[in-house]
Amino acid sequence: MSNAPQYDIDVAAFWADPYPDLARMRREAPIAFVPQLGSTVFTRRDDIFTQEKRIDVFSSHQPNGLMNTLMGHNMMRKDGEAHMNERAAMFPAVSPRTVRASWLTRFQAHADRILEELAPRGTADLVKAFALPLSAECLKDITGLTNMRFADMDAWSQAMIDGIANYNGNKQVEARCHAATAGIDAAIDDMIPVLTKHPDSSILSVLLAAGQPIDSVRANVKLAISGGQNEPRDAISGATWALLTHPEQLSLVRDGRAQWIDAFEEYARWIAPIGMSPRRVAKPWSYGGVDFEPEDRGFFMFGSANRDEACFAEPDRFDITRDTGKSIAFGAGPHYCAGAFASRAMVADVALPSLFARLQGLRLDRAEPVRIGGWAFRGLLTLKVAWDGS
Ligand code: HEM
């Protein structure tokens with residue numbers, strides 16, 4: 001175990017709002033052992049930015065981890081060449097060129113259809129009625145699993161996320177995760193002959209075309225599902241909420257003094273949809289006055305890094321005019337989010353402009369307070385709104 005100073009948290013309070021504890025850790029114990037998480041956590045942005053690149057020390061290879069056991073061995077749990085090989089094989093499906101050429105118009109068609117059905121209602125929970133189906137429909141295209149239902153995409157993504165955080169071995173959580181991975185495997189089995197005959201730009205298709213072993217193909221499609229559904233969903237609903245609660249910032253976009261991408265990047269800095277990425281210590285190491293031992297677990301806290309006052313003035317303030325260049329919402333090392341370009345297109349080019357254009361007079365339903373939670377994954381649980389029905 002590392003000899004980092006110990007910092008205790010109340011897990012429920014940390015889930016409800018991790019930012020006060022993270023601010024205190026950055027101030028008093030920037031690399032701290034948190035017994036309730038069984039891990040040494042890095043909370044300052046520049047420490048994470050440099051140490052995440054030390055893959056010889058902070059390894060992604062976690063052979064006994066729940067992710068490997070439940071979802072198969074994917075690129076996110078590999079280092080070096082093995083990782084880069086799979087990442088390169090996936091790249092043609094998520095490159096800026098493919099996003100522009102293949103995905104953007106399809107994302108827009110999904111948004112238009114969902115909003116067209118929604119508009120006459122005049123009121124909705126935007127998490128369930130817009131952010132969730134849009135994210136899932138886009139992810140069906142990106143993964144190649146167009147045979148899935150959007151609701152399964154969301155539910156199975158969540159079941160895998162719950163499964164890999166199931167450190168207490170809860171049998172029901174494990175069973176739900178197994179059901180989800182079995183459902184995804186069946187969807188993959190159905191699509192393999194289709195995409196072999198008619199290859200396209202989807203992840204499943206390009207991984208098959210690259211000749212990747214089938215177990216690796218399955219594991220990386222599951223990775224894209226577990227990592228590619230909640231985050232755009234949470235960024236769409238979260239950025240919408242942030243703009244509705246900061247009308248002066250929304251005006252900046254409406255007046256052309258700021259862009260939707262500024263709102264998305266600032267939201268992802270302010271409330272990072274992925275707040276943490278875990279690593280296994282691979283060799284003895286000293287950093288920041290802390291000695292690490294092999295097999296220690298380290299958490300890079302992106303959510304904390306993005307509120308680091310050494311890098312961002314008034315970090316708790318949502319301000320779409322700020323320079324977000326130092327944000328590490330998508331990571332800071334070789335595992336930098338493979339879906340970053342697709343997410344920017346989905347949220348900033350499609351979701352936000354379409355939503356605010358189609359639902360005129362969009363406003364929060366003041367009777368239904370917004371609920372928000374999580375620290376490893378953080379997002380809105382509900383977003384009740386109303387608009388001028390049409
Ligand atoms: C707002 C949206 C998103 C955010 C904030 C986000 C954030 C992240 C973060 C923080 C990581 C880990 C980086 C690290 O450990 O250094 C990651 C990895 C990854 N993300 Fe995303 N993500 C988003 C959307 C997506 C989407 C839509 C996909 C679908 C293709 C995706 C696929 C991946 C993959 C495959 C990895 C692993 C990359 C690797 O191991 O090399 N993400 N993402």
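This is a predicted model: local features need pLDDT of at least 70, side-chain atom pairs count only at pLDDT 80 or more; totals for chains, interfaces and linings use all residues.
## Ground rules

Local features here need pLDDT of at least 70 and side-chain atom pairs count only at pLDDT 80 or more, while totals for chains, interfaces and linings use all residues. Residues are numbered from 1 along each chain as its sequence is written, and side-chain values use heavy atoms, with hydrogens and water left out.

## Salt bridges

The structure holds 28 salt bridges, each being a side-chain nitrogen of Lys or Arg within 4 Å of a carboxyl oxygen of Asp or Glu. Take Asp-125 and Lys-128, whose side chains pair up at 3.4 Å, N to O. Asp-125 is buried, at 11% relative accessible area, whereas Lys-128 is exposed, at 51% (buried is under 20% relative accessible area, exposed over 50%, partly exposed in between, using a 1.4 Å probe and protein chains only).

Next up are Asp-154 and Arg-233, which form a salt bridge at 2.9 Å, N to O. Asp-154 sits in helix H8 (residues 150–164) and Arg-233 in helix H12 (residues 230–245), so this pair ties together parts 79 residues apart in sequence. Both Asp-154 and Arg-233 are buried. As for naming, helices (H or I, at least four residues) and strands (E, at least two) are DSSP runs, numbered from the N terminus.

Glu-266 and Arg-322 make a salt bridge at 3.0 Å, N to O. That pair also links distant parts of the chain, 56 residues apart: Glu-266 is in helix H14 (residues 260–270), and Arg-322 is in the loop between helix H15 (302–305) and helix H16 (340–358). Glu-266 is buried, with a relative accessible area of 0%, and Arg-322 counts as buried at 15%.

## The iron site

Which residue is the only protein donor of the ligand's iron atom? That's Cys-337, through SG at 2.3 Å (donors are N, O and S atoms within 2.8 Å of the metal, or 3.2 Å for Na, K and Ca; water is not among the atoms, so sites may look incomplete). Cys-337 is found in the loop between H15 and H16.

## H7 against H12

Helix H7 (residues 126–143) packs on H12 at about 140 degrees, with the axes 8 Å apart. Axes are lines fitted to C-alpha atoms, for helices over the stretch in contact, and angles run from 0 to 180 degrees between N-to-C directions.

The contact (heavy atoms within 4.5 Å) involves residues including Phe-130 and Leu-134 of H7 and Arg-233 and Ile-236 of H12.
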